[in-house]
Structures are given as structure tokens and as C-alpha cells.
Amino acid sequence: MKLARIFSVAERVLRQLWHDRRVLVFMLLLPALAMLLFGYSFSGDITDVRVAFIDEDNTDLTESILESLESNDAFEITVLESVDDPQQLLLGEGYQAVIRIPDKFTSLYYAHFAMGVATSAQGTIDLTLDESDPQIATTVKMGLADAAMDLGEGGPVEIDEADLYGVEVRFIDSFAPAIMGLVVALISTVLTLLSIVREKVDGTFSRVWVSPLRRAEFILGYVVAFGLIALVQSLVVLAVGIAVFHIVINGSIVWAFVCVILFAIGSVGLGTLLSALAQTESQAIIFFPLVILPSVLLSGMMWPIQAIPRLLRPLSYIVPLTYSNRLLRAVMVKGLAPWEEPVGFIGVLVFVALTILVASAVLRQSASEQA
Amino acid sequence: MVDRTAVFQAEGLVKTFGDLRAVDHLNLFISTGEIYGLVGPSGAGKTTLIRLLCGLATPTDGEARLLGARMPTDRRDVEDRFGYMPQERAVYRDLTVAENLLFFGRLYAMSRSRIKERTSELLELMRLPRQANQLTSSLSGGEKQRLSLACALLHQPDALLLDEPTIGLDPALRREFWDHFHELNQRGQTILLSTHYLHEAEWCGRVGLIQRGQLVAEGTPDELRHAAARQSGLERPDMEQVFLILTGAGVAGGVS
């Protein structure tokens, strides 16, 4: 094994990419674009839900409920004087919820506290809800519950929220690690696959195998090249994440990069072993959706794995990005060291070992028995 | 038996792909300093034979030896002593001409400065000096082929295996390639090349006529011509006729 030969392969791969400006631009733009697109469209924050608010009691207490609702970014509150048929507001006028506080709400509320439990009627808020979109319905329920909790001194329950990671973790904060993994996996797998298939088509493969180059050196050359590219892409994701979405990184950036590079190595292995199944570039393209779709849908990137039907969940655990997500989130959001998230860490290591081993066997095969 | 003076050697060599016998009990002995042409139609087994000799394929039976080393098992012993030009042009489209040479040179542990020297020598020889920094994909077919030959010559190997090096070239350029081969041969390189242009056999030191994986006739161009003349009664058969007569396909004119 010679370092010089490993670097000559890495240098060649990078020079090839450098000459193909379209691919180069795409490689740098993809992480930025993915972060922006996914970041904006899946930020998880629902806004502009139209809510009608009818206050028939008009006291300080009901006023504070309205204030609390209005301070919630999710709602666009319209205060109405009265309502005859709440359903008409939903079906006819496009409201998604109608909140009505009936007359005597305040007095019932205080009476309930004064008299003690179970003896008297409670103050009741009427909620009429369009449940055709469950996520919006849930947002309204949660917003209203928050407002009721907020009733201040003497409110029914107080929840004291402690931030485990020192800061409040938003959706986007735990999304950035997933984007890093996805982009790196995609580029490393797809470009390795294409590059090796192209070597077979053009015949450079034969020339390489009669030279003193070893299989291990060949793979390591690709690993070095795509490891570097993964590093640059991760930097782009983080830069966009920090500049545009103000993402918070609790953990060590260095560990995050180590993990991303590990994942890139596994992806190079995956691309190499897929190359054995394709003889032409158009055959190779068939594999792209096979790599992309499960990663996006099953890895717990967009929604938690707990949200995936039990029957499909085992599939999640054969998608490499699942482990990368766990690992990178642990490192970047929770601020742990990689080994403190054993499932993710071991999963990624097994992915690397397995793909590199199989890739190496596959290269022996395609090198020696190409008809 | 290994003969030290054999550069390319095959003994009872067989290679099958499924039901197809690409190489069928073939014996070959090419010594130092020869320029040997494997001549035969497409699909005769020329490419498979060359791939067996340079260790890219494993024999089904028999032995293939290159510079005394058994291929592919002992190919590491001779890996930097031979040059190979595959039938596909086998250069990186998305590298420049000089970068292609740089990459292959580095694989053979040549220093960057040595590669630079050799690059300007070879590009001069192949009449490509102005194309050094051009992307290979922008070259013409003939230019790519010249670059491909340069890649095989870069590390100054003792033995050269050239698979259809002149395929697709115009006659003038083909002649020029042959001048290169003779010049290299005179400088001491042993050359095994294949061609399906029958008249190119004329320019080889020794010729092997290959058909359906078997060597059907072997000798200098003159020897082959005499044998064909004896068999057919033709006064002075050309190489195409020689091939048809010696492979038993009939006299030229009878078979297209």
C-alpha cells in the first residue's frame, strides 16, 4: 500500500470534478439549496391559521386569553361580536377554528377555585374546529391549551419547562444534521457510482488494473477525495444554517465533521458496490432514486421513526441515513461525543466496514472478469 | 516449462465464457525483440488472449506467462515492466492530455518531474504538443488514440500489448502508427499487437492467424505467403487471400 498512489487517485478524481464545472457548481449548490428548501418548507412552524374569537364575557381574564392567543405566531385572530352558527364560519367563511368564551365564564372559573373540586360547574371555552387537516387542528388545540395555562397567578397548572440542552431546540436545529448527512451521502454515492461505471465504459478500468495500483488504494483514493468534498459540503450546510436559520450547535463541530466524513466513506463504499450492478451510465442512474427515496422517507429525517408504521420500521433500520441522523443529532444537538450515542455510532461504523469490504470484493470481481 | 527469453507465452491456454470458447488450447511463444501481430476477424479471440496475457482475465485452463511470470497470479512481479493499450481508447475524457499522463505516471511511481519530461517527449513524438492542456473530450478520435498509445509507453516498459491500436484510423495515420511501432521495436521493446486489418500483417515480424480462439497458422509474412501459394497455386497472394486460404475459408473471391 502506497500513500502516493492513494493520493494520485484522489487527485485524479478531484481534477475530473474540477474540469466538469456543472458538477462542481452542483456539488456546492446542493447543500445550500437543500438547507434552504428543506429549512423553509419543513421548518415545522405552522402560521396564518385563521381563528375567529368571540368573547361574550368581556372581563380582564378573557382579555388575557385573547392576548395570549394573539401572541401566538400560528394564529391570525379575528375578533367577532357574536356568532349564531360556528359551523357556518368554518364551512362558509374559511375559518379553521372558532373559539367562543360564553357569558359568565369568569365567574364560573373563580367560583370553581373558591368552592374546591367537583362541586361546581367549571368555566368552559367552546371550540369548534375544522379537523380536515389534523396538524392544523392539533396546533389550535395546543395553542388554546397554552393560553388557558397562561391564565397567570392562580391558573390551574403551571408547567416549568427545563431545556435539557441549555437552549430550546427547534425543528431546524435537528434538521441541519440530517441535511448534512443526506447531501454527503447523495453526492458521494452517486458520483462514485458514476465515476466507476464510466471507467468501465471507457476502458480506463483495465488500464488501471494492469498498473501497480492496488484495489485498496483505489478505494482509499476515492475516500480521500469524497471525504474532502464532504467536509466542504458540511461547511456549506452549516454556513447557510447559521446565517439564514440561526441554528444552534451545542456539540463539538470537530466531532460532527469526523462523523460526516465517516459517513462519506461508507457512501463511497456503497457507490462502489452499486457500480458492480451497472454496466452503463444509464443503468447507473436507475440506482439514484433507490438511494434517495428511502433516505428521505425512512431515516427519521422529516418525521420521527416513531411516526412510521410499525410494519415498515424495520426498513428504517437498514437505511444508513437513519444511523447518521441519530449520530449527528446526538453530536450537534445534544452535544454528546459519538460513542455516547452507541446505536448511531455503531450503525455508521458497521455501514462503513460492510460497504468497504463488499466494495473491495466487488472490485476484484469486476477487475478480473470483465469480458 | 518457462523459457527465460519468452516475453509472451501461452501453453494449452483455454478461456471459456459460458458455452463460448474464446481461446481454445492455444500455444504461443514470442521472444525478446519480436514484433508479433495477432491477425484475425473480430470475435476471433484476440482481445481475450491479450487480456489473459496481461492478467486481466484468469485462464480456464492452461498457462499464460508474461516476461516469465504466470498471469494473473504472479502479475505483481512484472506489473511495471509492460504497457497495455486496451481496445477502447481508455483515457479519461474529463482530464486534460497532460493530466492523463500525470495520473498513469504516478501509478507507476514516476516522479512529477520525470513525468513532465516524458510527457513532452511523448507528445512531441505523437505530434500532440499543443494539445497538452486541452480536455481529452475535445480531441479527435485519432488524437485520443495517440494519447492512449502515449499512456502505454509512458513508463518505458520492456513489453507492449496493444489491442487493435490502429482501429478506426485513416490509412495515413495508421502508417504513422506502424512507424512508431517499428521505431519502438528497434529500441528494444517487444510488441504484441492485434489487428483485424489483414494487410497490416505485412508489417509484422511474425504473424499469428487466429480464428475461433485457435492459432491456425504462424510465421513471417513471407512464410505465410509461401504456404498459401503452395496450397492454392496462386502466384503471389495478398494478405487477405493468405488469411482465407490458411484458415480454410476458401480462395479469395469465393468468400466475401
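Which residue stands opposite B:Ile210 in strand 10 of chain B? That residue is B:Leu215. The model is predicted: local features need pLDDT of at least 70, side-chain atom pairs count only at pLDDT 80 or more, and totals for chains, interfaces and linings use all residues. Residues are numbered from 1 along each chain as its sequence is written, and chains are lettered from A and ligands numbered from 1 in the order in which they are written.

**Sheet**

- Six strands of chain B form an open sheet with mixed pairing, in the order 6-7-8-3-9-10; strands (E, at least two residues) and helices (H or I, at least four) are DSSP runs numbered from the N terminus.
- Strand 6 (82–85) and strand 10 (214–219) of chain B are the edge strands, each pairing on one side only; pairing requires at least two DSSP bridges between two strands.
- Strand 9 (residues 206–211) of chain B pairs with strand 10 of chain B in the antiparallel sense, over five bridges.

**Helix 6**

- The 16 residues of helix 6 (residues 171–186) of chain B should span 22 Å at 1.5 Å a residue, and the end C-alpha atoms are 23 Å apart, which agrees; the expected span is 1.5 Å times one less than the number of residues.
- B:Arg174, B:Phe177, B:Phe181 and B:Leu184 of helix 6 of chain B are buried, meaning that 20 or more other C-beta atoms lie within 10 Å of the residue's own, against 12 or fewer for exposed and in between for partly exposed, with C-beta atoms placed from the backbone.
- Seen down the axis of helix 6 of chain B, the buried residues fall within an arc of 80 degrees, so they line one face of the helix; the arc is that of the directions from the helix axis to the C-beta atoms.
- On the other side of helix 6 of chain B, the exposed residues include B:Asp179 and B:Glu183.
- Just after helix 6 of chain B, B:Gly188 has a positive phi of about 110 degrees.
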